[in-house]
Amino acid sequence: MGAYADEHRRSLEDPEGFWGEQARAVDWFTRPRTVLDAGAPPAGRWFPDGVLNTCYNALDRHVVRGRADDPALVFHSAYSGTRRTYSYADLLQEVAQLGGGLRELGVGPGDRVVISMPMVPEAVIAMLACARLGAVHSVVFGGFAAAELAARIDDARPKVVLISSCGLEPGRVVEYKPLLDAALERSTHRPDYVVVHQRPEATAELRGERELDLAVLMRPGQFQPAGCAELAATDPLYILYTSGTTGKPKGVVRDHGGHAVALAYSMRAVYDVGPGDVMFTASDVGWVVGHSYIVYAPLLVGATTVLYEGKPVGTPDAGAFWRVVSEHRAKVLFTAPTAIRAVRRADPEGAFVRRYDLSSLQALFLAGERLDPDTFAWAGETLGVPVVDHWWQTETGWPIAANPRGLEPLPLKPGSPSVPVPGYDVQALGPDGAVLPAGEDGALCLRLPLPPGTLPTVWGDDDRFRRSYLDAFPGWYLSGDGGHLDEDGYVFVMGRTDDVINVAGHRLSTGAMEAVLASHPAVAECAVIGVADALKGQVPRGLVVLADGVTTPAGQLEAELVALVRSEIGPVAALRRVDVVAALPKTRSGKVLRRTMREIADGGPGVVPSTVEDADVVERLRPVLRDDRAG
Ligand code: COA
Ligand code: AMP
């Protein structure tokens, strides 16, 4: 470990020198004189006196430097068969046009815009148009239900909500306008305008003067195209809501300056993608992976990003990813392990892989959930390229641990996302806050200051930021993941230590699902646990204790509860099984033993703590938890 170790050490010993240098990869209207203001509340700010615009960096500067005709974005839809390439000049023109339209609706710096759109170019254009104006976008994933959308609208208080008329899922058209109407019935906040991108598969009905067709805003010549606002590096670029330990989603804030610098650095150091390279990130713009590596990072460095609307399998087959890679000559493919497991299940021999010319592909990056060694091995053997597991979170916005391919490819170890990325000091801490020796599991924490690009706070709630991440171990950021480092400094992430679960790479809160189950009148008490699943990594399972006098048959109640979670949280929650039980195991202080239940469901012995109130309850639950009736 030469180049990597040197760079990592330097980034920790002299963060200001290190990040000051990295900041040169970004164009500033005013160069920052201060790199880090460590004392700024709540946990320091990067480049506090720098002035820039992220959209300028993602689009204008490439056009200005003679790359107007180079491809910026390639849209590839597995549903409609559409292939459309936007050059940097095309994308800039559309973004400036929409920026002008939004400005006409009164959107300016600091105003929020909620965007709920599927994987269509208009989603990217909308995000960049906000960045151009200095408006703060908050993209909401299409797989959430109205209540989740309403919670985000109430927290972000947007001036405008931008949606598509529909998203496409295998065998069904998901209409967004009825979803938004239902959300607005629940929310207390009212946006000034709703703007709808009409797709051919479904036309949304527009009512009144405050519901507009996106095509009107985008019409060339209709409004003066927008220029780039000059923004403080610390101004918010976006809010992205993610599951926390309570039912209320947390608004992770991203700033302009630190984000642009960190993403540009990650493209060089981790992904080894630069101008002229093609990056295919198969995720969704509604998740952080989509924000960072479909939209911002590839454009910031002048690469080409592929926006793929479709699934890894079934649209129409398990060759979808390879088709996209070969057609667009992608150098890097980035997705979640679940997607690869789905492909493997449908095509175990890799027959589809052999049908395509994958000679452009140099690495497969995986993140979002634990990468099981089996999938790691299969992907490596089948594709013949390095399979790079890397670990990060919505909060950090870019990788915490990875194999730094751009600096120095290091040996890969199955089960590990390799080493801390420069900028991150990762340690496992014991309950007393002491750094644990190699090999010992503890709470994975990041020593403050966090590097640029990571969340400076939770939207509108510095206290929640402190409580969630800083209070557990003073001087450290608590990642919420448990694990250890080995003698070589490789990080091993063993799983969440809170009630966040990862279902098919989607981050969900079991606490939020419990709140929904508990709202059903037949339910007296409930618990939701994440249990291991061969395809999705984890799936939620519910256990409920009936209220006195309830006689609803268990099957009917289960169907009602499954439907309730789907309608309150969304299809993406994927809760399919709820068992009625006589009692839930608890400690004497009343804490439900979720971990013990999860261990039993996963086939382990299930350690019963000495503080258990009634050990018999656990014993009676064992057969229910072990029974894999879902198959
Ligand atoms: N809009 C509306 N509904 C959506 C949706 C969206 N954007 N995304 C998913 N859903 C729905 C699905 O249609 C499904 O509905 P159903 O219960 O009616 O079948 C439900 O939410 C669960 O979806 P999912 O968990 O994704 O399961 P799946 O069986 O549809 O697909 C995989 C399984 C593995 C193919 C899929 O999960 C996948 O592609 N995963 C990749 C993960 C990923 O991109 N993660 C992002 C972080 S990198
Ligand atoms: P999200 O905020 O949706 O990106 O989810 C972040 C969480 O996903 C992390 O806290 C981890 O629990 C999990 N995760 C992400 N990447 C990995 C990885 N490479 N290995 C293990 N878990 C991961």
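Good morning. Between domain 1 and domain 2 there is a count of one salt bridge, meaning a side-chain nitrogen of Lys or Arg within 4 Å of a carboxyl oxygen of Asp or Glu. That bridge pairs E568 with R186, whose closest N and O atoms are 2.7 Å apart.

A word on conventions. This is a predicted model, in which local features need pLDDT of at least 70 and side-chain atom pairs count only at pLDDT 80 or more, whereas totals for chains, interfaces and linings use all residues. Residues are numbered from 1 along each chain as its sequence is written, chains are lettered from A and ligands numbered from 1 in the order in which they are written, and side-chain values use heavy atoms, with hydrogens and water left out.

Domain 1 spans 86-229 and domain 2 spans 504-625, with bounds from an automatic or database domain assignment. Their C-alpha centres lie 37 Å apart. Eight residues of domain 1 are in contact (heavy atoms within 4.5 Å) with eight residues of domain 2. The area buried between the two domains, that is, the accessible area (1.4 Å probe) lost on putting them together, summed over both, is about 620 Å². Carbon and sulfur atoms give 52% of that area. In domain 1, G143, F144 and A145 lose the most area to domain 2, together 46% of what that side buries.

I turn to the ligand. Which residues are the closest to ligand 1? They are E169, R172, T338, K536 and R566, among 23 residues that surround ligand 1 (a heavy atom within 4 Å). A polar side-chain atom of R566 lies 2.8 Å from an oxygen atom of ligand 1; for R576, the corresponding distance is 3.5 Å.

Key: A polar contact is a pair of N or O atoms within 3.5 Å; within protein, one must be able to donate a hydrogen and the other to accept it, and residues adjacent in sequence count only if both atoms are side-chain atoms.
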